[in-house]
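Have the sequence and the 3D view at hand as you read.

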Amino acid sequence: MKKIAVVSDSFKGSITSQEICDIVAEEAARFFPACEVVGLPVADGGEGTVDSFLQCIPGEKVALEVAGPYVSRIPSFYGRFGETAIIEMAAAAGLPLVGDAMNPARTTTYGVGELMRHALEHGARRIILALGGSATNDGGCGAAAAMGTRFFDAAGEAFVPVGGTLSKIARIDNTETKRLLDGVEVIAMCDIDNPMHGQRGAAHVFSPQKGADAEMVRLLDRELVALDQTLSRELGASVAELPGAGAAGAMGAGAVAFFGAKLNPGIETVLDTVRFEERVAGADFVITGEGKLDSQSLRGKVVIGVSRRAKRLGIPVFAVVGDVGDDIDEAYREGVTTIFSTNHLAIPFSEAKKRSKQDYRLTIENLFRALAATEKKA
C-alpha cells in the first residue's frame, strides 16, 4: 500500500471531517507504515465549510463584525484564499444564531452581504457562497442591500426587505451592486435542487424547521412568488425554477438575480477548489463517507461527488458511513466500490453518536486488517 486518500464529510453532531482524516492516518501508520495518507476534510456547503477549506489549502480566516439575523451586530468570519473568498452563509444568518427566537418572516441575510462587501474591498475577485443552515427566507434581499442594491416601496421609500415584506418591493436599483461585482466571479454552493417557491420551494420545505407554522409557511411562499415577479420585472431575472433556487430561504434565487452567481453542487465546487484530481492521483484507494448514505446522497452529496471523480481516475472508493439507507444500488454504479457502516450495534443515532469515534476507528481497523492480509498473500 503506497497511498491512501481520505475525502470525507463529517458525521454531523458526532465526528468531524478532520477527525476522520486523523483516525485513518493513525490506523494506516499501524498497518501500512510506509504508506502516504492524503487527508482532504470536506464539507458540501453548510456550517464548517470555511474550516474544511482551511485544512486543505493555504488561506486565512478573516474575522469581523456584521449584522446578525435580527440586525444586531455579531462576530463573524469568512475565508480568504488569495483572490478567492469563501463565505459561509451560516456565519452571519445561520439558524443557531437565533436560538429559540425563530421567525423567518423577520430575519435577514444582510450580514452575508457585508461579508461579501468586505471581501471585495480587500481584493477578492472570486466569491464562493456556501448556502446552508440559514434562519432566513428573504430571497437574498438583505445580502443584496448590504451590497448596494436599493429597494423601494410604492411610496418611493427605501427599505431592506425581509421574508414577510418581499411583496412591498415596487422598484429595485442594483447599479451599485453591479459596480462592485464588475469582473468578479460568484459561485453559490448548494446541495439541493428545490425551486424558489411552490410545494417544493423554500417556504414549504424548509421554513418549518426555521420556526414557521402552517400560516407563516403560506405567507412566506406568497411573498416569494411576489419577489419572483418583481425580479422578473425589475431585473429581467427568471430564476424561480433553477435547481437550487430555493436553497437557504431562496438565497439561491437571489444570488443569481442580484449577483449573477452560478449555482453549483457544493461538493463539485469543493473538489475543484482543493484540486481533487491532482491531490489523489496515484492513490491505491479513496476513503469517503458521510453520516448516512441514502437516496438523498445520490443527488450529489459528498460520497457520490467523490466517487464519480475517482471512478474517472480508475481509483476504488470505500465509503465508510454512519448508517446505510435503502435504495443505494446506484452508489455502486456511480463509482463506490464497497460500503461499510460504523453502526456495529444497530442502535439509534442518539446512542450511536456517543461512540462514533470509537466505532469509526474499529471499522477502519477491520478494513485495513483485511487489506493487509490480502497484501501478505500477494
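Accessible areas here come from the Shrake-Rupley method with a 1.4 Å probe. By that approach, the protein chain of this predicted model exposes about 15700 Å², and carbon and sulfur atoms supply 49% of that area. Charged groups are part of the picture too: the protein chain carries 40 positive and 49 negative side chains, with the centres of the two sets lying 2 Å apart.

Now step back to the overall fold. The protein chain is built with 15 helices and 16 strands, and its C-alpha trace spans about 80 × 45 × 35 Å along the principal axes. Its radius of gyration is 22 Å, which agrees with the value near 21 Å that a compact globule of 378 residues would have.

Moving inward, 56% of the 378 residues count as buried. In soluble globular proteins, nonpolar side chains tend to be buried together. Here, the largest nonpolar core has 61 residues, and the members touching the most others are Val112, Leu129, Leu131, Met196, Leu231, Met251 and Phe259. Helix 9, covering residues 247–259, gives the most to this core, with 10 residues.

Leaving aside residues up to four places away in sequence, Leu129 touches Ile87, Val112, Met116, Val186, Ile187, Ala188, Met189, Met251, Ala255 and Phe259.

Note on methods. Residues are numbered from 1 along each chain as its sequence is written. This is a predicted model: local features need pLDDT of at least 70, side-chain atom pairs count only at pLDDT 80 or more; totals for chains, interfaces and linings use all residues. Side-chain values use heavy atoms; hydrogens and water are left out. Helices (H or I, at least four residues) and strands (E, at least two) are DSSP runs, numbered from the N terminus. The radius of gyration is taken over C-alpha atoms; the globule rule is 2.2 Å times the number of residues to the power 0.38. Buried means under 20% relative accessible area, exposed over 50%, partly exposed in between (1.4 Å probe, protein chains only). Lys and Arg count as positive and Asp and Glu as negative; His and the chain ends are not counted. The place of a charge is taken as NZ of Lys, CZ of Arg, CG of Asp or CD of Glu. A nonpolar core is a set of buried Ala, Val, Leu, Ile, Met, Phe, Trp, Tyr and Cys residues joined through side-chain atoms within 4.5 Å. Contact means heavy atoms within 4.5 Å.
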